[in-house]
Amino acid sequence: IDPEELARGAIRGMLEALDDPYTSYVTPQGFERQLESFQGDFEGIGAQIDNTPDGQRIIVVAPIPDTPAERAGIKSGDIILAVDGDDTSGWSVIDAVNRIRGEGGTPVDLTIQRLGESDTIIVTIIRGTIPTASVFRRDLHDGDGNPEDPPYTIIRITQFTERTPEELRAVIEDAKEVKSEGIILDVRSNPGGLLESTVDVAAEFLDDGLVTYEINGRGVRRDWPADPGGSALDIPLVVLVDGFSASGSEVLAAALQDRDRAAIIGTQTFGKGSVNILRDLKEDDGGIYLTIGRWYTPNGGLIEGDGVVPDVTIELPFDAEVDLQLEAAIEQLNFQLSIVQVG
């Protein structure tokens, strides 16, 4: 009998009794990996994952660009049925992260159920070092638009880490240097991350005021306002979302929508609006990932289970050759600029 394993089993049992898919025990190794994912580079496959809506399986929210997962063909919406042959039924996200991550150069086999396909596939991925850069910029003149059209900048945020606000401010300055007349903020397939970073990102587009508020299990409310002095307060803005935009990306999109700062285009978001904290266990070196409350939009909308409904709903099939959502965002910016010019 291993007393430590018995203790960990008891902890898992107590947490399962809470019937919350986002509350789970974190092993000592998993606790270290969780901290790494928000602070610096880590070793793994490079895929953002979450629980399926029923909480019974693990779903790929998005592969991180230029990582082993993307190169192996992992796609948003893939259901992970097994990891190295072990069934994932009932696993928490933390359980899956602990099993999928590992030393660079080692393989991991994922059994995948792909949307629209009846047969499962096994994908072997060789783990590597995953960079945590989370903000990427490109201009529409880079082959995406007519050079005679107004220059727009696409800013894609893949997750919210400690570095994200700093990275965002840098690309906004780059957009100003090329005299961009509008920003398309792409948070499609963004699974969230640190709330503090999410609020700081929103503050670049909002001149103070409420970004979100949370209500904990005791009914106590905490407001999260934007600090004044953002770097992109006046530039026309459109936000792209989809069904895999979750958590922090939903908080951001809802804040910009409720505050009438941006039009939201895409499909209804994932609906993960729970407030989670990671707490260490001193005697164990592991931790507990615990749900303590829920996030609400500035106007009082509930994100958990409901998600964010776009102002303009545009479906985008997985096999689409043209990004219809991006095209709609360009049209929206053209419209906004035409109003400014007429005014």
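Me: What does Phe205 touch in this predicted model, leaving aside residues up to four places away in sequence?
Reply: In this predicted model, Phe205 touches Leu168, Ile172, Ile183, Leu185, Ala232, Leu233, Leu237, Leu256 and Arg261, with residues up to four places away in sequence not counted. Touching here rests on heavy atoms within 4.5 Å.

Me: What makes Phe205 stand out in the largest nonpolar core?
Reply: That core has 35 residues, and Phe205 is one of the five members that touch the most other members, the others being Ile155, Leu185, Val239 and Leu256. At least two residues of this core come from each of strand S11 (152-157), H5, strand S12 (182-186), H6, strand S15 (237-241) and helix H7 (248-258). Apart from this core there is a second, separate one of 18 residues, which includes Trp91, Ala96, Leu110 and Ile112. In soluble globular proteins, nonpolar side chains tend to be buried together.

Me: Why are H5 and H6 called roughly parallel?
Reply: The axes of helix H5 (residues 164-177) and helix H6 (residues 195-203) come within 8 Å and cross at roughly 20 degrees. Angles under 35 degrees count as roughly parallel, and H5 and H6 are therefore roughly parallel to each other. The crossing in which H5 passes H6 is right-handed.

Me: Which residues bring H5 and H6 into contact, and how do the residues of that contact divide into nonpolar, polar and charged?
Reply: From H5, Thr164, Pro165 and Leu168 meet Ser197, Asp200 and Val201 of H6. The residues of this contact divide into three nonpolar, two polar and one charged.

Me: How do you know whether Glu250 counts as buried or exposed?
Reply: Glu250, which is found in helix H7, has 0% relative accessibility. Buried means under 20% relative accessible area, and Glu250 therefore counts as buried. Not counting residues up to four places away in sequence, Glu250 touches Ser245, Thr269, Phe270, Gly271, Lys272, Ile303, Gly307 and Val308. Of these contacts, Gly271 is 21 residues from Glu250 in sequence, while their C-alpha atoms are 7.6 Å apart in space.

Me: How do you know whether Asp19 is buried or exposed?
Reply: Asp19 has its place in the loop between helix H1 (3-16) and strand S1 (24-26). The relative accessible area of Asp19 is 70%, and exposed means over 50%, so Asp19 is exposed. The phi of Asp19 is near 55 degrees, a positive value in a residue other than glycine.

Me: Why is Asp208 called partly exposed?
Reply: Asp208 is found in the loop between H6 and strand S13 (210-216), and its relative accessible area is 36%. Buried would need under 20% and exposed over 50%, with partly exposed in between, so Asp208 is partly exposed. Asp208 also has a positive phi, near 50 degrees, in a residue other than glycine.

Methods:
Residues are numbered from 1 along each chain as its sequence is written. This is a predicted model: local features need pLDDT of at least 70, side-chain atom pairs count only at pLDDT 80 or more; totals for chains, interfaces and linings use all residues. Side-chain values use heavy atoms; hydrogens and water are left out. Axes are lines fitted to C-alpha atoms, for helices over the stretch in contact, and angles run from 0 to 180 degrees between N-to-C directions. Helices (H or I, at least four residues) and strands (E, at least two) are DSSP runs, numbered from the N terminus. Angles under 35 degrees count as roughly parallel, over 145 as roughly antiparallel, 65 to 115 as roughly perpendicular and the rest as oblique. A crossing is left-handed if the near helix is turned anticlockwise from the far one by less than a right angle, and right-handed if clockwise. Ala, Val, Leu, Ile, Met, Phe, Trp, Tyr, Cys and Pro count as nonpolar, Asp, Glu, Lys and Arg as charged, and the others, Gly among them, as polar. A nonpolar core is a set of buried Ala, Val, Leu, Ile, Met, Phe, Trp, Tyr and Cys residues joined through side-chain atoms within 4.5 Å. Buried means under 20% relative accessible area, exposed over 50%, partly exposed in between (1.4 Å probe, protein chains only).
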